[in-house]
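Hi everyone, thanks for coming. Please have a look at the structure on the screen, and then I'll walk you through a few parts of it.

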Amino acid sequence: MPFTRLATATTPTCHIGLGLAAVGRPGYINLGREEDLGENRSVDAMRTRTHELLDAAYAQGVRYFDVARSYGRSEEFLADWLNTRPDIDDVVIGSKWGYTYTAGWSADAETHEVKDHSLATYERQRAETDALLGDRLDLYQIHSVTPDSPALTDKDLHAKLVEAAAQGLTIGFSTSGPTQADAIRAALAITVDGEPLFRTVQSTYNALETSAEPALAEAHDAGLTVIVKEGMANGRLAAPHAPEALKAVAEEAGLGCDAVALAWILRRPWAGVVLSGAATVPQLFSNLHAPAVDLDADQLTRLATLAEDPRAYWERRGQLPWH
């Protein structure tokens, strides 16, 4: 399994990955994008920004990079970076299929992405991903599985995923929504010829949304690598938007709210990789301080009060505008 390379890495930042959702397209729902990106959101400008982030992340020991078909041109930007650095052979690349990017490089599009977990979409997007990333792709994930997703019951799709796994690709899934735990447990129950179908799970987990924790611990115990996304709650846990309790702990630690928020996740024994969704190099460097944060019992208790009802959390997330 490719993720064993991460398990044996020795850099302090080896358990932090870089996700390119925020920089692979001009519009996204993260708070503060106007300040982060400015007005120039051209393809060339975003490509340059992405390459700068990848350079900085790699230099600091980050070894997992996460993209998706629906993240605009993120696969293309990552492929360009890999092609100009053929000496880099120690990174793990993950992508996702199941959403189609429909915004046409506009931040003001009415619809930015369309979800479809059908076998036909898998085959189309698998070919698109292969054309860009080829044999550099290590992990292919079903994007945002929910309990009602047809991907959980489509035996023909499962057979195709097993074929891909037999050719060396790791197969995983991501989850979203207030019933993530149900989706995780349903996916864990899927077997083909007596073998588990999935080897990784990527879920939203942060100080505000903790509902998936028991299921993620179960996934870890079952041998899956757990990848945590949206650890910053789309910017809600970053200054200046962070809750007062988080700001107070960050001040005590002498580091940013973002580093503390990510450190809180890194303490979970089941968390294999925690994604940074940084849009700027300074944000990335601040995120990468997370392994150095030492939270005491009192600070952990105060941060535990931040958890929201999952349905309220996801309702608010659904109301975040595309910037």
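**Helices, a barrel and a loop**

Let's begin with a pair of helices: the crossing of α7 and α8 is left-handed. Left-handed here says that the near helix is turned anticlockwise from the far one by less than a right angle, while clockwise would be right-handed. Helices (H or I, at least four residues) and strands (E, at least two) are DSSP runs, numbered from the N terminus.

Before I go on, a word on where this comes from: the model is predicted, so local features need pLDDT of at least 70 and side-chain atom pairs count only at pLDDT 80 or more, whereas totals for chains, interfaces and linings use all residues. Residues are numbered from 1 along each chain as its sequence is written, and side-chain values use heavy atoms, with hydrogens and water left out.

Back to our pair. Two packed helices are described by the angle between their axes and the distance between the axes. The axes are lines fitted to C-alpha atoms, for helices over the stretch in contact, and angles run from 0 to 180 degrees between N-to-C directions. For α7 (residues 180-188) and α8 (residues 213-221), the axes come within 8 Å and cross at roughly 20 degrees. That makes α7 roughly parallel to α8; angles under 35 degrees count as roughly parallel, over 145 as roughly antiparallel, 65 to 115 as roughly perpendicular and the rest as oblique.

Which residues of α7 meet α8? They are Ala-181, Ile-184, Arg-185 and Leu-188, and their partners in α8 are Pro-214, Ala-215, Leu-216, Glu-218 and Ala-219. Contact means heavy atoms within 4.5 Å. By class, this contact of α7 with α8 has seven nonpolar, no polar and two charged residues. Nonpolar covers Ala, Val, Leu, Ile, Met, Phe, Trp, Tyr, Cys and Pro, charged covers Asp, Glu, Lys and Arg, and the others, Gly among them, are polar.

Now for the barrel. Eight strands close into it in the order β1-β2-β3-β6-β7-β10-β11-β12, with parallel pairing. From one strand to the next, the twist averages 25 degrees. Two strands pair if DSSP finds at least two bridges between them. Parallel strands β2 (residues 64-66) and β3 (residues 92-97) are joined by three bridges, and Phe-65 has Ile-93 of β3 as its bridge partner.

Let's zoom in on β12 (residues 273-276). Strand β1 (residues 16-19) pairs with β12 over three bridges, in the parallel sense, and Ile-16 has Val-274 as its partner. β11 (residues 225-229) also pairs with β12 in the parallel sense, over two bridges; there Ile-227 stands opposite Val-273.

In a regular strand the side chains alternate between the two faces of the sheet. On β12, Val-273 and Leu-275 lie on one side, Val-274 and Ser-276 on the other, and all are buried. Buried means under 20% relative accessible area, exposed over 50%, and partly exposed in between (1.4 Å probe, protein chains only).

Last stop: is Pro-269 buried or exposed? Pro-269 sits in the loop between α10 (257-266) and β12, and at 71% relative accessibility it counts as exposed.
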